[in-house]
Amino acid sequence: MSSGRRLRRDLRGLRSGGAVLLNIVSLIDVFAILVFYLLVNALNAETVPVPPALKLPDSQARAVPKPSVAISISEQEIRLDGRLVGRVDDAETLRRLRAALQASAAAADAEADINIVADKRLPFRVLNTVMTACAGARYGHVSLAVVEKPAVPVPAGGA
């Protein structure tokens with residue numbers, strides 16, 4: 001029987017008060033695909049790319065990083081979104097980083113986020129200089145990438 005005849009028969013059945021058969025197999029298929037799609041996408045956690053040369057500090061951070069501009073700083077070099085800016089010990093590198101950050105901030109909104117992925121052996125003065133450059137380029141939220149470590153249980157009797 002063709003689908004046109006079946007449709008006319010079903011419409012006739014509706015008019016005369018009869019029941020119409022509903023084929024829900026395709027509806028179940030659609031819901032199964034939807035559930036599978038939602039499960040796959042819900043499990044995708046946002047991660048900040050970490051170059052293999054970096055060793056990140058440990059932390060008990062709970063917040064998931066947002067997609068943002070990323071600065072990676074090893075003991076030798078500074079990269080902005082994967083592009084080499086220069087060597088850590090070169091004073092010209094920080095000037096180039098400031099210029100690249102200002103250009104990047106101009107393209108983004110006023111309260112853009114930036115993630116700094118720095119080696120834990122990096123001297124604080126270098127990290128402080130980079131964070132100051134980020135603040136000078138009008139980045140509203142500067143965050144540091146860390147490795148999550150398990151929470152230490154607090155004893156019941158106090159600290």
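**Burial, strand pairing and helix packing in the predicted model**

Valine 146 is partly exposed, with a relative accessible area of 32%, where buried denotes under 20% relative accessible area, exposed over 50%, and partly exposed the range in between (1.4 Å probe, protein chains only). This valine is found in the loop between strand 6 and strand 7 (147-148); helices (H or I, at least four residues) and strands (E, at least two) are DSSP runs numbered from the N terminus. The structure is a predicted model, in which local features need pLDDT of at least 70 and side-chain atom pairs count only at pLDDT 80 or more, whereas totals for chains, interfaces and linings use all residues. Residues are numbered from 1 along each chain as its sequence is written, and side-chain values use heavy atoms, with hydrogens and water left out.

The protein has four helices and seven strands, which follow the pattern α-α-β-β-β-β-α-β-α-β-β when read along the sequence. Of its 159 residues, 23% count as buried. Among contacts (heavy atoms within 4.5 Å) between residues at least 6 apart in sequence, 64% join residues at least 24 apart.

Strand 3 (residues 77-80) and strand 4 (residues 83-87) pair in the antiparallel sense over four bridges, pairing being assigned if DSSP finds at least two bridges between two strands. Leucine 80 has arginine 83 of strand 4 as its bridge partner, and the two strands form a hairpin with two residues between them. Aspartate 81, which lies in the loop between strand 3 and strand 4, has a positive phi of about 50° although it is not a glycine. With a relative accessibility of 42%, aspartate 81 counts as partly exposed.

A second pairing involves strand 5 (113-118) and strand 6 (141-144), which run parallel and are joined by four bridges. In this pair, aspartate 113 stands opposite histidine 141 in strand 6. The chain crosses from strand 5 through helix 4 to strand 6 in a right-handed β-α-β crossover, a term that applies if, with the strands pointing away from the viewer, the path from the first strand over the helix to the second runs clockwise. Aspartate 119 is placed in the loop between strand 5 and helix 4 (124-136) and counts as buried, because its relative accessibility is 3%. Not counting residues up to four places away in sequence, aspartate 119 touches Ala53, Leu54, Lys55, Ile73, Ser74 and Glu75.

The 13 residues of helix 4 should span 18 Å at 1.5 Å a residue, and its end C-alpha atoms are 18 Å apart, which agrees; the expected span is 1.5 Å times one less than the number of residues. Val126, Leu127, Val130, Ala133 and Cys134 are the buried residues of this helix. Seen down the axis of helix 4, these buried residues fall within an arc of 120°, so they line one face of the helix, the arc being that of the directions from the helix axis to the C-beta atoms. On the other side of helix 4, Phe124 and Arg125 are exposed. The cover over the buried residues of helix 4 includes strand 2 (69-73), strand 3, helix 3 (91-107), strand 5 and strand 6. Just after helix 4, arginine 138 takes a positive phi of about 70°.

Helix 3 has 17 residues and reaches 25 Å from its first C-alpha to its last, close to the 24 Å expected at 1.5 Å a residue. Its buried residues are Thr93, Leu94, Leu97, Leu101, Ser104 and Ala105, and, seen down the axis of helix 3, they fall within an arc of 100°, so they line one face of the helix. The face turned away from this buried side carries the exposed residues Ala91, Ala103, Ala106 and Ala107. Among the elements that cover the buried residues of helix 3 are strand 2, strand 3, strand 4, strand 5 and helix 4.

The largest nonpolar core has 23 residues, of which Ile71, Ile73, Ile78, Leu101, Val130 and Tyr139 have the most contacts inside it; such a core is a set of buried Ala, Val, Leu, Ile, Met, Phe, Trp, Tyr and Cys residues joined through side-chain atoms within 4.5 Å. Strand 2, strand 3, helix 3, strand 5 and helix 4 each supply at least two residues of this core, and helix 4 gives the most, with five residues.
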